[in-house]
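Colleague: Could you take a close look at a single helix of this model, and describe which way its residues face and what packs around them?

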Amino acid sequence: MKPIETAEDISVLAFGFMASKALFAALHVDVFGALDSGPKTVIELAGATKVPPTRMATLVTALVAVGLLARDGEKITNGPASAQYLVRDGANYFGDYLRFQIDRQMYPFMEHLDKVLVGDSDGVEFATYADWMADKDQAELFSRSQHSGSLGPGAVLAKRMGLGEDATSMLDVGGGSGAFSIMFCKRYPNLQATVLDFPNVIEVGKRFVAEEKMQDRVDFLAADGTTANWPDGQDVVLMSYLFSGVPEQAIPDLCAQAYRVLKPGGLVAVHDFMVGNDRSGPPLAALWQLQHMVYTPDGVGLTPMFVEDALRDAGFEIDQSADLIPGMTQAMVARKPT
Ligand SMILES: C[S@@+](CC[C@H](N)C(=O)[O-])C[C@H]1O[C@@H](n2cnc3c(N)ncnc32)[C@H](O)[C@@H]1O
């Protein structure tokens, strides 16, 4: 990233949270959905979203200014990315991940960043995923919104892994809502998946799997993945966003367990937010790791090299290592030797 040279650019960073809030507020009242049927005036938008017109005018100005909406005279339209990704029920919609997980959970958690940074845990609500997911409402909000963010990456990783017809079993550790397992089972008709996660999360996953009518393909195991014995005889072990959510010292054990439960020739996939090996970016991955530190203070900011070394130390041979969500996440696929 080019070093910042002007005071204005410092202000762009400092005011950045206001742009985030403009996006979240628009998602909550569904501005983008209201514009899906065609251009509207501010008055028409105010009517459709039940927001007083003068306040809608201010919100619309902010959204036009940051490029989420476009203005042609009196008429307001969705910008291209808003039309593609922020219209509810659209094929590529991920607004629920943004408005529930990022706005309702991570945003308030970041209030505690200064305290966590200096090791003061007074008033900090959650220090581990186990604590956090023990709260039923938080687990519901988190896992439902994660689902909306994970279906797309799940489809991409499933395709990329190119499993053969003989791959019949997958263990999805920290599998959350089951988004990845659902997408893998859709792509590979012979595959059966088991999602391992905390009990309150599993309840949410069961509902998504039932909605997809995939109860005969995706099973659930309520457990803590760092202490439970994982079921063996697996062709694939998937850990998506798990390494970032456990203490650093738990990672070698997760790799060893994956190795133990895989059949010879089986594949492990690790997907997570990672910065580059030189730790100079990308910015979205680096910022995500910073906010994640608030509720996983013993976690490590992952890099591809860290993950590849952990997998090699457990005996795996690295097969693939590449971006999954550009600028944010990477996925490593490794094989247990035959
Ligand atoms: C960001 S979510 C990702 C869910 C899913 N893997 C995906 O990619 O959509 C992280 C998940 O890891 C789970 N998790 C974290 N620590 C865990 C542990 N020790 N045992 C089991 N699950 C864990 C959380 O409960 C949560 O569902």
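Modeller: In helix 12, the buried residues are Val201, Ile202, Val204, Gly205, Phe208 and Val209, where a residue is buried if 20 or more other C-beta atoms lie within 10 Å of its own, exposed if 12 or fewer, and partly exposed in between, with C-beta atoms placed from the backbone. They sit on the same side of helix 12 because they cover an arc of only 160° around the axis, the arc being that of the directions from the helix axis to the C-beta atoms. An α-helix has 3.6 residues a turn, so residues three or four places apart point the same way.

This is a predicted model, in which local features need pLDDT of at least 70 and side-chain atom pairs count only at pLDDT 80 or more, while totals for chains, interfaces and linings use all residues. Residues are numbered from 1 along each chain as its sequence is written.

Helix 12 runs over residues 199-211 and has 13 residues; helices (H or I, at least four residues) and strands (E, at least two) are DSSP runs, numbered from the N terminus. From its first C-alpha to its last, helix 12 reaches 19 Å, close to the 18 Å expected at 1.5 Å a residue, the expected span being 1.5 Å times one less than the number of residues.

The cover over the buried residues of helix 12 includes helix 9, helix 10, helix 11, strand 4 and strand 5 (218-222), with two residues taken to be in contact if their C-beta atoms, placed from the backbone, lie within 7 Å. On the face turned away from the buried side, helix 12 carries the exposed residues Ala210 and Glu211. Arginine 207 also lies in helix 12, and this residue counts as partly exposed because it has 15 C-beta neighbours inside 10 Å. The C-alpha atom of arginine 207 is separated by 8.5 Å from that of serine 177, although the two are 30 residues apart along the chain. After helix 12 comes lysine 213, whose phi is positive, near 55°.

As for the ligand, 22 residues surround it, and Ser150, Gly174, Gly176, Gly225 and Ser240 are the closest; a residue is near a molecule if its C-beta atom, placed from the backbone, lies within 6 Å of it. The elements giving two or more residues to this shell are helix 9 (129-133), helix 10 (136-161), helix 11 (179-187) and strand 4 (192-197), and the largest share, three residues, comes from helix 10.
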